[in-house]
Amino acid sequence: MVDNRIKTIFEKGLFRGEIRYDEPMSAHTSLRIGGPAEVMAFPEDPVSLKNILIEAQKENIPVFVFGGGTNLLVRDGGIEGIVISLRAFRSIEFTRESDEQKAVLYAGAGVLFAGLLKFAQKNGCSGLEAFAGIPGYFGGAVYMNAGSFGLEVKDVLGSVALMNMKGEISLLRKDKMKFTYRNSNLPEGHIILSANVELKKDAPDVISERMRAYLEKKKNAQPLGEPSAGCVFRNPEGDTAGRLIDSSGGKGMRIGDVEVSVVHANYFVNMGKATCKNFVELMEMVRERVRQHSGITLEPEIKIVGRE
Ligand SMILES: Cc1cc2nc3c(=O)[nH]c(=O)nc-3n(C[C@H](O)[C@H](O)[C@H](O)COP(=O)(O)OP(=O)(O)OC[C@H]3O[C@@H](n4cnc5c(N)ncnc54)[C@H](O)[C@@H]3O)c2cc1C
């Protein structure tokens with residue numbers, strides 16, 4: 001059931017973009033799990049985004065920003081309020097700070113992260129190669145401080161443009177941010193609109209070769225083609241969650257249609273019609289097993305959102 005106040009907001013003519021009521025989140029998450037959002041809105045421009053945020057604030061309606069849905073476990077009851085997708089915010093441009101050696105790229109939050117890597121490679125901009133194979137949007141990668149092979153998004157970031165729930169826009173330089181492992185620690189209630197990355201110039205074919213080599217390593221170690229949300233648990237200090245799960249005998253454990261991947265134990269895969277309930281139960285079971293085996297309590301890396 002969609003709250004009538006939400007419909008009224010979108011009937012005011014303040015919004016440009018697509019609106020979908022009762023939209024199943026399973027159609028938008030890489031895990032293919034998740035009940036419906038009351039409404040999913042795809043603003044075409046920052047003004048439409050701002051108007052919706054202001055109206056939602058007035059009516060006390062919750063807002064959730066969705067990226068590519070590749071790090072999300074959405075509960076079976078779906079998401080209350082307004083889910084926003086910034087897929088229309090997808091421009092990539094060279095900024096004026098670029099020169100012979102250095103390239104500074106501006107990218108919108110809705111740019112596919114893989115698309116940014118491709119753009120950089122084609123234009124001879126190096127620095128993102130280690131991220132090859134990370135799915136989702138650029139905004140999600142910044143929010144999660146995504147990383148791979150020792151490189152994190154924060155390492156290449158220059159500044160981030162944010163919008164708060166009042167629709168006010170601000171620019172935050174990297175030195176004012178407090179990135180930690182898989183966390184941007186952005187101020188509460190802020191949406192990433194875009195960010196700049198600082199790269200070096202190099203030959204496109206050399207960059208392409210490095211990307212290929214990184215991707216090859218990933219393909220051999222992770223179930224990239226199967227529905228998952230990447231790593232389920234954070235790596236504890238000095239160890240990896242995958243190794244701990246594997247050594248506790250967790251590979252192949254299954255509840256309903258969710259299975260601990262036999263390729264990489266920190267990936268849980270949807271084998272068919274998995275539910276969030278199955279997924280959370282399996283997480284608990286695996287956690288308990290690791291706790292008993294090694295004394296370490298694993299903490300989730302995936303974001304669990306929505307209502308039961
Ligand atoms: C096969 C596979 C491989 C993966 N490999 C890696 C890997 O190597 N390294 C790694 O770090 N991750 C990896 N991941 C996890 C995931 O892809 C990354 O965390 C990714 O950066 C998330 O981006 P997203 O757009 O999908 O975010 P989502 O999953 O949509 O959202 C994640 C969080 O970011 C917030 N968010 C998204 N966009 C914005 C925005 N514009 N403003 C504010 N908040 C926002 C959401 O509210 C949510 O809390 C992998 C996932 C899969 C499925």
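User: A salt bridge is a side-chain nitrogen of Lys or Arg within 4 Å of a carboxyl oxygen of Asp or Glu; how far apart are the closest N and O atoms in the salt bridge that Lys154 forms with Asp155?

Analyst: This is a predicted model, in which local features need pLDDT of at least 70 and side-chain atom pairs count only at pLDDT 80 or more, while totals for chains, interfaces and linings use all residues. Residues are numbered from 1 along each chain as its sequence is written, and side-chain values use heavy atoms, with hydrogens and water left out. For Lys154 and Asp155, the closest N and O atoms are separated by 2.9 Å.

User: Which residues are linked with Lys154 and Asp155 in a network of salt bridges?

Analyst: The structure holds 24 salt bridges, and Lys154 and Asp155 belong to a network of them. Lys154 has a relative accessible area of 26% and Asp155 one of 35%, so each counts as partly exposed (buried means under 20%, exposed over 50%, partly exposed in between, with a 1.4 Å probe and protein chains only).

User: How many residues apart in sequence are the parts that the pair of Arg287 and Glu299 ties together?

Analyst: Arg287 forms a salt bridge with Glu299, with the closest N and O atoms 3.5 Å apart. Arg287 counts as buried at 16% relative accessibility, whereas Glu299 is partly exposed at 41%. Because Arg287 lies in helix α7 (residues 276–294) and Glu299 in the loop between α7 and β17 (303–305), the parts that the pair ties together are separated in sequence by twelve residues.

User: Which element supplies the largest share of the side of domain 1 that touches domain 2?

Analyst: An automatic or database domain assignment sets the bounds, and domain 1 spans 4–85 while domain 2 spans 92–221. They bury about 1,000 Å² between them, 76% of it on carbon and sulfur atoms, where buried area is the accessible area (1.4 Å probe) lost on putting two parts together, summed over both. Across this interface the rule finds zero salt bridges. The largest share of the domain 1 side, six residues, comes from α2.

User: Which residues touch the most other members of the largest nonpolar core?

Analyst: A nonpolar core is a set of buried Ala, Val, Leu, Ile, Met, Phe, Trp, Tyr and Cys residues joined through side-chain atoms within 4.5 Å, and the largest one has 33 residues. Elements that each supply at least two residues of this core include β11 (157–164) and α5 (204–221), where helices (H or I, at least four residues) and strands (E, at least two) are DSSP runs numbered from the N terminus. The residues that touch the most other members are Phe113, Phe131, Phe138, Leu157 and Leu199.

User: At what distance does the side chain of Asn185 reach the backbone oxygen of Lys178?

Analyst: Asn185 lies in the loop between β12 (169–173) and β13 and, leaving out residues up to four places away in sequence, touches Lys178, Phe179 and Thr180, contact meaning heavy atoms within 4.5 Å. A polar contact is a pair of N or O atoms within 3.5 Å, where within protein one must be able to donate a hydrogen and the other to accept it, and residues adjacent in sequence count only if both atoms are side-chain atoms. The side chain of Asn185 makes one with the side chain of Thr180 at 3.0 Å, and the backbone oxygen of Lys178 is reached by the Asn185 side chain at 2.7 Å.
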